[in-house]
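This briefing is meant to be read beside the sequence and the model. It is grouped by topic, and cut-offs are given where a term comes up.

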Amino acid sequence: MPNVLTNFDDDERLWVPQADDVWFKPILLHATQGYFINLLRVRKSGVLSVHHHTGPVHAFPQKGRWYYLEHDWVAEAGGYAFEPPGEIHTLFVPSDVEEMITLFHATGGYIYLDSEGQAIGYEDVFTKIEKCREHYEKIGLGSDYVKQFVR
């Protein structure tokens, strides 16, 4: 996919809604090996989610910045963050960041947690594929449009 890291908004239709003011843009959805690579775009501040994951995650911030409340580092454009499996993270976007875009390479799944630490949602390559199918069908590209990202 040419220019994926420089032309974020080349086609707005490719950004799949994930939550209020949160979208993802698939790059590779590798169903046979259980990982996904996508850009995450956030246009709101505050806590985005509390989660842990079943496999390793590599994060490459492209625009804006964010951090985890549990750590003392800040993920900024041009940087890199490694997230080990099983560790609980609270992703926070500062109020002065209008837009955050980060490339995530995630193996396995994300388990979203409530304030009591109970699972309230799950995300993996298969849920990503399904969200893409639904979105692309809804906007007129057709549910099969996702196939170009699936291996």
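Lys 63 has Ile 101 in S10 as its bridge partner. S10 (residues 100-107) is joined to S5 by six bridges, and the two strands run antiparallel. The model is predicted: local features need pLDDT of at least 70, side-chain atom pairs count only at pLDDT 80 or more, and totals for chains, interfaces and linings use all residues. Residues are numbered from 1 along each chain as its sequence is written, and side-chain values use heavy atoms, with hydrogens and water left out.

**Strand pairing**

- Strands (E, at least two residues) and helices (H or I, at least four) are DSSP runs numbered from the N terminus, and two strands pair if DSSP finds at least two bridges between them.
- S5 (residues 57-63) also pairs with S8, in the antiparallel sense and over three bridges.
- Within that pairing, Ala 59 has Ala 81 in S8 as its bridge partner.
- S6 (residues 65-68) and S9 (residues 89-93) are antiparallel and share two bridges; Tyr 68 has Leu 91 in S9 as its bridge partner.

**The S1-S2 hairpin**

- S1 (residues 16-19) pairs with S2 (residues 22-30) in the antiparallel sense over three bridges, and Pro 17 has Trp 23 in S2 as its bridge partner.
- The two strands form a hairpin with two residues between them.
- Asp 21, in the loop between S1 and S2, has a positive phi of about 60° although it is not a glycine.
- Most residues other than glycine have a negative phi.
- Asp 21 counts as partly exposed because its relative accessibility is 38%, where buried means under 20% relative accessible area, exposed over 50%, and partly exposed in between (1.4 Å probe, protein chains only).

**Loop residues**

- Gly 64 is in the loop between S5 and S6 and is partly exposed, with a relative accessible area of 28%.
- The C-alpha atoms of Gly 64 and Arg 41 are 9.9 Å apart, with the two residues 23 apart along the chain.
- Asp 114 sits in the loop between S11 and S12 and is partly exposed at a relative accessible area of 27%.
- From Asp 114 to Gln 33 the C-alpha to C-alpha distance is 29 Å, and the sequence separation is 81 residues.

**Surface patch**

- Phe 60, Tyr 80 and Phe 82 make a nonpolar surface patch of about 300 Å².
- Patch residues have over 30% relative accessible area and no salt bridge, and nonpolar side chains (Val, Leu, Ile, Met, Phe, Trp, Tyr) are joined within 5 Å, like charges within 9 Å.
- A salt bridge is a side-chain nitrogen of Lys or Arg within 4 Å of a carboxyl oxygen of Asp or Glu.
- Accessible areas come from the Shrake-Rupley method with a 1.4 Å probe.
- Tyr 80 belongs to the loop between S7 and S8 (81-83), and its relative accessible area of 46% makes it partly exposed.

**Largest pocket**

- About 320 Å³ of space lies in the largest pocket.
- A pocket is an open set of points on a 1 Å grid over the protein atoms alone, with protein on both sides within 12 Å along at least five of seven lines; lining residues have an atom within 4 Å of a point.
- Its lining has 20 residues, of which Gln 18, Val 22, Ser 49, Tyr 112 and Glu 123 lie nearest the centre.
- The elements giving two or more residues to this lining are S1, S3 (35-42), S4 (46-53), S11 (110-113), S12 and helix H1 (125-138).

Note on methods
On a 1 Å grid over the protein atoms alone, a cavity is a set of points where a 1.4 Å probe fits but cannot get out, and a pocket is an open set with protein on both sides within 12 Å along at least five of seven lines; lining residues have an atom within 4 Å of a point. Grid points are joined across faces, edges and corners, and a volume is the space filled by probe spheres set on the points.
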